[in-house]
Amino acid sequence: MCAEQYVCGADNLSNMPSGWSATFLTIISGVLVFVIGQLFNEYWLKPIQDYKRLRAQISYSLCYYGNLYMNPIKIQDDVDGKWNEGSQKMRELSAEVRATVELRPFGNIFIPGKKKLSVVAQNIMGISNGFFVIQNHDYITDNENYCKEIYKLLKIQGEK
């Protein structure tokens, strides 16, 4: 048999030796399984992992900086910069949550909806702004309420 007999085309698949068609179908099946697996990983599993990592960072920061945002000071009294550092870290987390809102894949039931994530981002920004006393206002109660709502919306275990 000559190579010219095996010109590609739907009509010619039946003329190929039986081993070729089985090999061809195996290769195509393998490639399809790989592509589908990669798509599933990239658009479903990776966003869930990123969200869980962000949620852990939020939980850590709420705990780590709690002694600072629950004791707001005047900005000029922050001589060692601890309050400013905490405020900036919370601001970064708020921005990351906002980015997650934009990157959240459609139909992913393991990541909260865009409305919940937007509220979480607003509350984290509120805590960031509440590290410093600017006027006669009860920042401690605000920060406590923000924190409770974040724990509730993200279903973080801990103080509520």
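**Exercise 1.** In this predicted model, what contact do the side chains of D50 and K46 make, and where do the two residues lie?

*Solution.* Start with the contact: a salt bridge joins the side chains of D50 and K46, with 3.4 Å from N to O. Then check accessibility. D50 has 34% relative accessibility and counts as partly exposed; K46, at 36%, is also partly exposed.

**Exercise 2.** Which residue does E144 meet in a salt bridge, and how many residues apart are the two?

*Solution.* The side chain of E144 meets that of K148, at 4.0 Å from N to O. Both residues lie in helix α5 (residues 139-154), four residues apart, about one turn of the helix. E144 is partly exposed at 36% relative accessibility, and K148 is partly exposed with a relative accessible area of 38%.

**Exercise 3.** Classify D80 and K82 by accessibility, given their salt bridge at 3.9 Å, N to O.

*Solution.* Buried requires under 20% relative accessible area and exposed over 50%. D80 stands at 48%, so D80 is partly exposed. K82 stands at 47%, so K82 is partly exposed. The model's salt bridges come to four by count.

**Exercise 4.** How does the reach of helix α4 relate to its expected span, and which of its residues are buried?

*Solution.* Helix α4 (residues 114-129) has 16 residues. From first C-alpha to last, α4 reaches 22 Å, close to the 22 Å expected at 1.5 Å a residue. The buried residues in α4 are L117, V120, A121, N123, I124, G126, I127 and S128.

Technical notes:
Residues are numbered from 1 along each chain as its sequence is written. This is a predicted model: local features need pLDDT of at least 70, side-chain atom pairs count only at pLDDT 80 or more; totals for chains, interfaces and linings use all residues. Side-chain values use heavy atoms; hydrogens and water are left out. The expected span of a helix is 1.5 Å times one less than its number of residues. Buried means under 20% relative accessible area, exposed over 50%, partly exposed in between (1.4 Å probe, protein chains only).
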